[in-house]
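Hi everyone, thanks for making time for this. I'd like to walk you through a structure, starting with helix packing and then moving on to some backbone details. Let me put it on the screen.

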Amino acid sequence: MRQKKIAPLRIYGLLACCLLLAAVRPQDAVAQEPASVDLPILFDTRERIARPDLSGIVRLRFLTTVDFPPFNFIDQTGKLAGFHVDLVREICRELALTEKCQIQAVTFPELEKALVDGNGEAVVAGVAVTAELRTRFLFSRPFMRLPARFAVAKRASPAGESAAALDGKRVGVVAASAHEAMLKAFFPRVRAEAFPDRAALLSSLKEGKVDAVFSDGMQLAFWTSGSESADCCRLFDGPYLSERFLGEGLTVMLRKEDATIAGAIDHALLALSRSGRLQEIYLRYFPINLYGG
């Protein structure tokens, strides 16, 4: 885990995110995507967010990184790609600012300084919202929340399809992680068994040392469907969302003085959610449903 001034949502394992890209390439996602998926509701259908006057904006530069697939990465043609990149394009289109929008990549440690120094107006790179960061920056409304999920072995599935079937069972979790704290708080009747890292956790499930594991839903979804798992396991129950344990979700970070731009981005996110375009981007990069069975 990288220790940075800005805490990344990739805290559960950057290497695992790289494996996701190998498991399901975004360019293949169109052929594999499910017909529909119910994303968590982040905007009230009756809500209205006014579109601010953007006539004074000369350019709108978004900063990201290249090491957080499938959110942002360099594709096989050498171009910047990913969920965040497509989302930025849709935000700019919704705000009629396509000709004024730019997106560029810097290293993760450079994000905060680049924003403060005026080398960009917004950061979209999986930065975790913290109380300390909120004293210095603005954040858009969340546009995606990453759930926690269980996974179980196919050869020894629980006698039931709800978490109650795991009562008294051995459930693996990474030691000292947010998921360990969440598992103990949400499911006190399971027998939580801590493992030092994600690799040991998943090996324990494959080898039958535990009855289930509880971890980041995105990683489990790609792992269970990828070659690394050898088709041993499947997602089980859930999804489970918790701001207390898992944070506010994916947002856009901006400078305090750019409240107008923040309001405009919230307006665009609401419009994209309501029109279904946010779901379309999700399906493009997450052909495996993080929120379903």
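Predicted model: local features only at pLDDT ≥ 70, side-chain atom pairs only at ≥ 80, totals over all residues.

Here is something to look for first: which residues in helix 3 meet which residues in helix 11?

Okay, here they are. On the helix 3 side we have Phe83, Asp86, Leu87, Glu90 and Glu94, and they meet Arg277, Leu278, Ile281, Tyr282, Arg284 and Tyr285 in helix 11. By residue class, this contact of helix 3 with helix 11 splits into six nonpolar and five charged residues, with no polar ones.

Now the geometry. Two packed helices are described by the angle between their axes and the distance between the axes. Helix 3 covers residues 83-94 and helix 11 covers residues 277-285; they pack at an angle of about 160°, and their axes are 10 Å apart. Angles over 145 degrees count as roughly antiparallel, so helix 3 is roughly antiparallel to helix 11. As for handedness, helix 3 passes helix 11 in a right-handed crossing.

Let's turn to another pair, helix 7 and helix 8. Helix 7 is residues 198-206, and its axis and that of helix 8 come within 13 Å, crossing at roughly 50°. Helix 7 and helix 8 are therefore oblique to each other. Here too, the crossing of helix 7 past helix 8 is right-handed. Who makes the contact? From helix 7 it is Arg198, Leu202, Leu205 and Lys206, and from helix 8 it is Gln219, Leu220 and Trp223. In this contact of helix 7 with helix 8, four residues are nonpolar, one is polar and two are charged.

Let me stay with helix 8 for a moment. Why can we call helix 8 largely enclosed by the rest of the structure? Because eight of its nine residues, in the range 217-225, are buried. If you want to click through them, the buried residues are Gly217, Met218, Gln219, Leu220, Ala221, Phe222, Trp223 and Thr224.

You'll find Thr65 in the loop between strand 1, residues 60-64, and strand 2, residues 67-68. Is Thr65 buried or exposed? Its relative accessibility is 1%, so Thr65 counts as buried. What does its side chain touch? There is a polar contact of 2.9 Å between the side chains of Thr65 and Asp67. The Thr65 side chain also makes a polar contact with the side chain of Asn72, at 2.8 Å.

Finally, the backbone, for those of you who like to check torsions. The peptide bond from Pro69 to Pro70 is cis, with omega near 5°. Pro70 sits in the loop between strand 2 and strand 3, the latter being residues 72-74. Another cis peptide bond joins Gly238 and Pro239, where omega is about 10°. Pro239 belongs to strand 12, residues 233-240.

Strand 12 also contains Asp237, which has a positive phi of about 55° although it is not a glycine. And Asp231, in the loop between helix 8 and strand 12, has a positive phi too, near 60°, again in a residue other than glycine.

Conventions
Residues numbered from 1 in each chain as written. Heavy atoms only, no water. Buried < 20%, exposed > 50% of the residue type's maximum accessible area, 1.4 Å probe, protein only. Helix = DSSP H or I, 4+ residues; strand = E, 2+ residues; numbered from the N terminus. Axes fitted to C-alpha atoms, helices over the stretch in contact; angles between N-to-C directions. Parallel < 35°, antiparallel > 145°, perpendicular 65-115°, else oblique. Left-handed = near helix turned anticlockwise from the far one by under 90°. Contact = heavy atoms within 4.5 Å. Nonpolar A, V, L, I, M, F, W, Y, C, P; charged D, E, K, R; others polar. Polar contact = N/O pair within 3.5 Å; in protein donor to acceptor, adjacent residues only side chain to side chain.
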